[in-house]
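Please read these notes with the model open beside you. They go point by point.

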Amino acid sequence: MSTLAPEGMGWSVCTHEEVCTKVIVVEDGEHPADALHSNVQSEKVVAITRTPNICAREELAAEHYLLTERPGRNRIQPEALTRIVSAARAVSEEAGHCTIIIEGIEYLVLYNGLNPVLRMLCQLADLAWENGHHLLILIYSPATSHEEIALIQRVCAAHCSAQTEHVMNHAIPSAAAEE
């Protein structure tokens, strides 16, 4: 795994030194759980994902919500972006320090469009920053354009620079390199 960040991006010292937002780009054929191994920074985790049991491999104390159209316990419909933020907030308030994992961004974009999903990610980044949490955003490279990844990085870099990791050592070409 290589660390990839556009110039000027990467880990930075914020007001809360332990707060970080990480954008993890997962390549085709890789399981998103593979990216979690070295990135979860706390014992308490709230995972809001499209992939069932994403935290099972890591044996994390996770409160897991599944993004799905099907109703049920610990399930969130993709159109319910405010419920995603509410679920993360509820767990984070009782946990003290936690890691928030959001996966299935392309699924949320399909149902809501990019701008509402970016606003939701900004709210999650603010929640993490305000409470000293970690935010991990897992994105599938084949399903997400370079421009969308850059926008997500920018939104998440409001309080501290987002770090991007790429599973499988594939780099995202910078806009300057593509010209």
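**Notes on the fold**

1. Of the contacts in the protein with a separation of 6 or more, 70% are between residues 24 or more positions apart; a contact means heavy atoms within 4.5 Å.

2. A word on provenance. This is a predicted model, in which local features need pLDDT of at least 70 and side-chain atom pairs count only at pLDDT 80 or more, while totals for chains, interfaces and linings use all residues. Residues are numbered from 1 along each chain as its sequence is written, and side-chain values use heavy atoms, with hydrogens and water left out.

3. Overall make-up. The protein has five helices and eight strands. Both are DSSP runs numbered from the N terminus: helices are H or I with at least four residues, strands E with at least two. From the N terminus the order is β-β-β-β-β-α-β-α-α-β-α-β-α.

4. Burial and surface. Of the 179 residues in the protein, 47% are buried. Buried means under 20% relative accessible area, exposed over 50%, and partly exposed in between, with a 1.4 Å probe and protein chains only. The accessible surface is about 8,800 Å², and carbon and sulfur atoms hold 47% of it. These areas come from the Shrake-Rupley method with a 1.4 Å probe; for residues, only the protein chains shown count as cover.

5. Strand β2, residues 20-26. Seven of its seven residues are buried, so β2 is largely enclosed by the rest of the structure. In a regular strand the side chains alternate between the two faces of the sheet. Here Cys 20, Lys 22, Ile 24 and Val 26 point one way, and Thr 21, Val 23 and Val 25 the other. Note that Lys 22 is among the buried residues.

6. Strand β6, residues 99-103. Five of its five residues are buried, so β6 too is largely enclosed by the rest of the structure. Thr 99, Ile 101 and Glu 103 face one way; Ile 100 and Ile 102 face the other. Glu 103 is buried as well.

7. Strand pairing. Two strands pair if DSSP finds at least two bridges between them. β2 runs parallel to β7 (residues 134-140), with seven bridges. β6 and β7 are also parallel, over five bridges. His 134 of β7 is the bridge partner of Cys 20, and Thr 99 stands opposite His 134 too. On β6, four bridges make a parallel pairing with β3 (residues 44-49). There Ile 48 stands opposite Ile 102.

8. Helix packing. Helix α3 (residues 114-131) packs on α4 at about 35°, with the axes 9 Å apart. Axes are lines fitted to C-alpha atoms, for helices over the stretch in contact, and angles run from 0 to 180 degrees between N-to-C directions. The α3 side of the contact includes Leu 114, Leu 118 and Leu 121; the α4 side includes Glu 148, Leu 151 and Cys 156. The contact residues are nine nonpolar, no polar and one charged. Ala, Val, Leu, Ile, Met, Phe, Trp, Tyr, Cys and Pro count as nonpolar, Asp, Glu, Lys and Arg as charged, and the others, Gly among them, as polar.

9. Cys 156. This residue lies in α4 (residues 146-156). Cys 156 is buried, at 2% relative accessible area. Cys 156 and Lys 22 are 134 residues apart in sequence, yet 8.3 Å apart in space, C-alpha to C-alpha.

10. One backbone point. Asn 74 has a positive phi of about 55° although it is not a glycine. Asn 74 sits in the loop between β4 (61-67) and β5 (75-76). Its relative accessibility is 23%, so Asn 74 counts as partly exposed.
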